[in-house]
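Subject: Structure handover

Hello,

Here is the structure for you to look over. My notes on it follow below.

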Amino acid sequence: AGHVTMTDQEMMTQMNELVRIEFGKESVSQLSMDQRINLCLLMKRNFRAGVKQIARLTRLDPKIVTKVV
């Protein structure tokens, strides 16, 4: 199985879906810090997203993302 990377746009769509399903919110900006960190883990687990991409899309510092995923 090859490693499939999603574009930021595709990942954003998936992420927003996760935000709705998991947290019942409309966007990442409505999430608390704890919820964003949870989201990072979900993105890593579900989509194998990289640290840089997760950091960009969740607007978290890559250092934080590196610690949690």
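Is Gln-53 buried or exposed? The model is predicted, and in it Gln-53 has a relative accessible area of 11%. The cut-off for buried is under 20%, so Gln-53 counts as buried.

Gln-53 belongs to helix 3, which covers residues 51-58. Its side chain reaches the backbone oxygen of Met-6 at 3.0 Å. Once neighbours within four places in sequence are set aside, the residues in contact with Gln-53 are Met-6, Thr-7, Asp-8 and Met-11.

On the fold as a whole: the protein has 4 helices and 0 strands, and the order of elements from the N terminus is α-α-α-α. The radius of gyration is 11 Å, close to the 11 Å that the globule rule gives for 69 residues, so the protein is as compact as a globular protein of that length. The C-alpha trace spans about 35 × 25 × 15 Å along the principal axes.

Among contacts with a separation of 6 or more, 45% are between residues 24 or more positions apart. Of the 69 residues, 30% count as buried, and Gln-53 is one of the buried residues.

As for the surface, the accessible area of the protein is about 4,600 Å², and carbon and sulfur atoms account for 50% of that. The charged side chains are 11 positive and 7 negative, with 7 Å between the centres of the two sets.

Regards

Conventions:
Residues are numbered from 1 along each chain as its sequence is written. This is a predicted model: local features need pLDDT of at least 70, side-chain atom pairs count only at pLDDT 80 or more; totals for chains, interfaces and linings use all residues. Side-chain values use heavy atoms; hydrogens and water are left out. Helices (H or I, at least four residues) and strands (E, at least two) are DSSP runs, numbered from the N terminus. The radius of gyration is taken over C-alpha atoms; the globule rule is 2.2 Å times the number of residues to the power 0.38. Buried means under 20% relative accessible area, exposed over 50%, partly exposed in between (1.4 Å probe, protein chains only). Contact means heavy atoms within 4.5 Å. Accessible areas come from the Shrake-Rupley method with a 1.4 Å probe; for residues, only the protein chains shown count as cover. Lys and Arg count as positive and Asp and Glu as negative; His and the chain ends are not counted. The place of a charge is taken as NZ of Lys, CZ of Arg, CG of Asp or CD of Glu. A polar contact is a pair of N or O atoms within 3.5 Å; within protein, one must be able to donate a hydrogen and the other to accept it, and residues adjacent in sequence count only if both atoms are side-chain atoms.
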